Amino acid sequence: MTILDTGTIAAGSLLTVASLTVAEVAAILAATDRLERMAAAERAKILEGRRIALLFYESSTRTRTSFELAAKSLGAMTTLVSDKSSSIEKGESLKDTGLTLRALGAECIVLRHANSGAPYLLAKMTGLPVLNAGDGMHEHPSQALLDLRTMLTRLPGMGGRLVNAKTLEGVTVVITGDILHSRVARSNAMLLPRLGARVVLCGPKELLPEDASGLGAGVEIERDFDKALKQAGSRGKAVVMMLRIQRERLAGLELDLGEYISRYQLDEERLRSRAPEALVMHPGPMIRGLEIGGEVADGPNSAIEDQVRHGLGVRTALLVRALGAGGFESVTV
Amino acid sequence: MSDILILNGWLVDPAGGVDGERDLLLRHGRVAAVEMPGVLRAAKAKETIDAKGMIVAPGLVDVHVHLREPGQTYKESIKTGTAAAAAGGFTSVVAMPNTLPVNDSVERLGWMLDAARGACVKLFAMPAATFGSNGEEITDYHELQRAGAVGFTDDGKPVLHDRVMRAALVAAAGISVPVSQHAEDTRLTGGCSMNAGPVAFRLGLRGMTVEAESKIVERDIRLLKDIERQDGLRPHLHVQHVSTAKAMSLIRAAKAEGLHVTCEVAPHHFTLTDEAIGDYDTNAKMNPPLRNDADRLAMIAGLMDGTVDCIATDHAPHALFEKEQEFERAPNGITGLETALGLALRVLHKGNGMPISRVIELMSAQPAGIVSLEGRGTLKVDSFADVVVFDPATEWSFEAAKSRSKSRNTPFDGASMLGRVAATISEGRVVFKG
Ligand SMILES: [Zn+2]
């Protein structure tokens, strides 16, 4: 309605998990399966010659490499534009950078940006499909999808389940740590309850304001990590997702790390005594010895490497969807 | 100046105690006669306006506008800003000092008020409360008042130091003008771009708390009491764009104590909540930010019970390229002069049963009183011939593309309005015709 909002967001964009219907989530995961089963040579023809721009204003080895390898496995041409290189002109607006990439033939932009909401601006201004690869403290939708896929493959009894509003019934996901600054936490807390999961957010007030419960139905707050773990472990299937303290975003907030570790670190003893069956996840990068003990990160409950692997698969599907190839043509955002 | 006869209208002049059918004769830039229908039939005038079905009211007064001149005329100029004012029914506007350079001297004030700037309605100004609006040393209030200042403010920023705010209130009290305060404890709002709360959490944006506003209001009220007791002066604090229930109740209490506190509320704060930001719409980004619904309702309650003294737009134009940025980087502010009356009538009159005469009072007599504009905000005989004629029943949609302002930054593009301005007359000159 407003003058600024004249741009429409292209189908195939993924800016927030909130815009995905459960059926679309199912379609993305089904496509991930399909693509993974495909022979590499066949897969490499799907986006042959298509142009994808990776626009990274924040460095992120994991997410960037994942998108890049996904694009290349589909045969697409990629170009990385990062603020570390000289390719982002100093002081040029996001709009103008986006228009330049479009003029150069980019058909899809994968954006990582330090400002929340930046992908909306880019999508409206360019009309191109935009994949949000993490925006400020807002969202990281592809991470939530890869986390979902990891749960579906690792939690007992989930294999081959159809993705619908009841898929995660009986599953409790405890997300612990710096929720305030975590786009991973937001995306997961908004997506998982729509598939039936109970999401328990856990952390001290400074890192987890009460406002977080406003993310939606199925989201609860529990300050006591031990209680949250015990409850989750005794209720059915449990997932513990640990988050890194984003010291760079604390902005003057004083945090007693010793106290934090004693209250919120997931160590061997805590896991064994409270929720021995729980699946342990972490979006990375991890700080071993801070939010998570090394033995837990490498232990049998850990799905951390699986997450990385599923990231590649899910992103392959998202790129195919963004470019309207392979049966996603009718999908709208 | 030609004479104008306004016939067959319904005159609403709260300060003059009129709310009924009257005809009006404007002559030599003043109100020459206000008469019952028929009496002025024989009067001769160069122009006659038939106001049948219309309300004829004192021209609206806005104590808080940003006209961006000097320094940022790509956003707005005194000429275009006052044209937007005329289109909105305003005949007097008070320009804020956060221009480039800041209006903090007699020379700059004189330049701004000079007829050469091309203002089409009456322009007043509040120069900076402190040099450069840096919050450190107060400007020369005596000299500036002599040059036309109607009050002092560092709007856009607060006067943060207690000592400086005290000095400003004392100096202004000596010459009977208000200090207008932008109540924001900027030590608590660094990096914040919207209201704190669930919406900010979901959007991943840092939020300004309610306390960042109320703490400054609380401090200023404490200073008023202190000055009354110690200095025997009666300073006038005007709180700009109140947006929180907490600040509103502090002001209500201060008024009950008999302190000289006045305040304004902007139409967007009684119309919208932070949900209007939607998907990072920078047209809904302003400071103070849109709050939650309880705060919005508290603004309406304050308007209904008389705690709020006037409606002010905080008209803050910005160029499209400035708003087409990441939400956190985009500047604060929206345009407001052309939507204020339509929103006030829709929300306050139609939505909350406020009599039209009271809406008019909040937009004319009362703001004129706050900055002591003699002969304005009323249509009593001999007052300035500042008149707005509007159709109170027309519902219409505001189209930003047709705005008289140079800028288009409004969350109200396409929004429904009640009451359409048919004519605006400033000192006897027709400056807008709808
Ligand atoms: Zn202002």
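1. In this predicted model, the C-alpha centres of domain 1 of chain A and domain 2 of chain A lie 26 Å apart. The assignment, automatic or from a database, gives domain 1 as 22-139 + 310-323 and domain 2 as 141-307. Local features need pLDDT of at least 70 and side-chain atom pairs count only at pLDDT 80 or more, while totals for chains, interfaces and linings use all residues. Residues are numbered from 1 along each chain as its sequence is written.

2. Between them, domain 1 of chain A and domain 2 of chain A bury about 2200 Å², of which 58% is on carbon and sulfur atoms (accessible area, with a 1.4 Å probe, that two parts lose on being put together, summed over both). Of the area that domain 1 of chain A buries against domain 2 of chain A, 33% is supplied by A:Met137, A:Glu139 and A:His310, more than any other three residues.

3. Three salt bridges are found across this interface (a side-chain nitrogen of Lys or Arg within 4 Å of a carboxyl oxygen of Asp or Glu). Separately listed is a salt bridge of A:Arg149 with A:Glu36, whose closest N and O atoms are 2.9 Å apart.

4. In chain B, the zinc ion is coordinated by B:His64 (NE2), B:His66 (NE2), B:Asp155 (OD) and B:Asp314 (OD), at 2.1 to 2.5 Å (donors are N, O and S atoms within 2.8 Å of the metal, or 3.2 Å for Na, K and Ca; water is not among the atoms, so sites may look incomplete). Along the chain, these donors follow the spacing H-x1-H-x88-D-x158-D.

Terms used:
Chains lettered and ligands numbered in written order. Heavy atoms only, no water.
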